Amino acid sequence: MKKKLVAVMMCAAMVAMLGVGCGSKSSDDSSSKSETKKTLTENDIKDSMKGVKLKVGTTGLFGPFSYYDEDGKTLIGYDLDLINDLQDLLGFEIDGGIQAMDYSALTTSLAENKLDMGAAALCATDERKEVMKFSDIYCDSGQVVMVNKSNDEGIKSVDDLKGKKVAVEKGTASHNLSDADLEVHDTITTAYESLEQKKVDAVIQDGPGANFYIKTTPDSNLEVVGDEFNQGQAPYCVAISKECKYYDEINAAVKVLIKNGTTDELYAKWCE
């Protein structure tokens, strides 16, 4: 009997240790699960993640949402402010600081649960939904065609890209032009450079990112032509790994920031 009792106690201890998931939380899971069955309010989630540490990622490659300040070291932008607002509301800590990487590495890290959360103008595509979770949409944009001002290819809109060489960024939602010859770049920066040097005929980019590049690059030869297209095809969401047990709290916080006008203020600050 004593041996059986010791075995039961050891098993219980192991189960308690295995209960730790994304971050750490002192309360047991049963209370958390009962809480998430209802719609979480701001009062429910305020400081609900104090003591929790999350691994958080972004890119630093996509202004105005996530990019480096003039010092080349400080990450700033819409998504950095959004992460700070989520942190202020929920009370979690960021483990080791926000990690910056390219889009491909960011989505892979989220899919493999190496990160708990990511914010970098990430589109909630069907393919990504298979390997990670997404919050409600906090910003939605269409895509635009960018050309060199000395464009002699007659490109006036997305309808003129058939057979043209078009640069896009790897891992983004700009890969749906079956009639174009796509040149895939690891970063949008090199895609812009390729167009500046007339190595490609056009770049496809989300509207806010394209306008930001032109606005902040005084000597640029690039311009946007035609209207935005694929509206609703670039819904930006916060990505959460499937193993993170705080999805409900994070998504509830995003809902609060949308409802109280914070995301509108961030758009006005960074995108207009």
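**Pockets and aromatic pairs**

In this predicted model, helix α8 gives the second largest pocket the largest share of its lining, four residues. That pocket has a volume of about 240 Å³. Its lining comes to 13 residues, and G63, Y67, F212, Y213 and T216 are the ones closest to the centre. Besides α8 (207-216), strand β3 and helix α7 (188-196) each put two or more residues into the lining. Sorted by class, the lining of this second largest pocket has seven nonpolar residues and six polar ones, with no charged residues.

Now for the largest pocket, where the volume is about 280 Å³. Here 14 residues make up the lining, and T107, T125, E127, R128 and G171 sit nearest the centre. Two elements, α5 and α6 (126-129), supply two or more lining residues. Helix α5 gives the largest share, with four residues. As for class, the lining of the largest pocket splits into four nonpolar, six polar and four charged residues.

Next, the aromatic rings. Searching the whole structure turns up eight aromatic pairs. One of them joins F62 and Y103: the ring centres are 6.4 Å apart and the planes meet at 75°, so this pair counts as edge-to-face, the class for planes over 60 degrees apart. The two partners come from distant parts of the chain, 41 residues apart, with F62 in strand β3 (residues 61-62) and Y103 in helix α5 (residues 103-111). F62 is buried, at a relative accessible area of 3%. Y103 is buried as well, with 3% relative accessibility.

Y78 and Y138 make another aromatic pair, this one stacked, with 5.6 Å from centre to centre and 25° between the planes. Y78 belongs to helix α4 (residues 78-90), while Y138 is in the loop between β9 (132-134) and β10 (139-148), so the pair ties together parts of the chain 60 residues apart in sequence. Y78 has a relative accessible area of 0% and is therefore buried. Y138 comes out at 7%, which is also buried because the cut-off is under 20%.

Note on methods: Residues are numbered from 1 along each chain as its sequence is written. This is a predicted model: local features need pLDDT of at least 70, side-chain atom pairs count only at pLDDT 80 or more; totals for chains, interfaces and linings use all residues. Side-chain values use heavy atoms; hydrogens and water are left out. Rings of Phe, Tyr and Trp (its six-membered ring) pair if their centres lie within 6.5 Å; planes under 30 degrees apart count as stacked, over 60 as edge-to-face and the rest as tilted. Buried means under 20% relative accessible area, exposed over 50%, partly exposed in between (1.4 Å probe, protein chains only). On a 1 Å grid over the protein atoms alone, a cavity is a set of points where a 1.4 Å probe fits but cannot get out, and a pocket is an open set with protein on both sides within 12 Å along at least five of seven lines; lining residues have an atom within 4 Å of a point. Grid points are joined across faces, edges and corners, and a volume is the space filled by probe spheres set on the points. Ala, Val, Leu, Ile, Met, Phe, Trp, Tyr, Cys and Pro count as nonpolar, Asp, Glu, Lys and Arg as charged, and the others, Gly among them, as polar.
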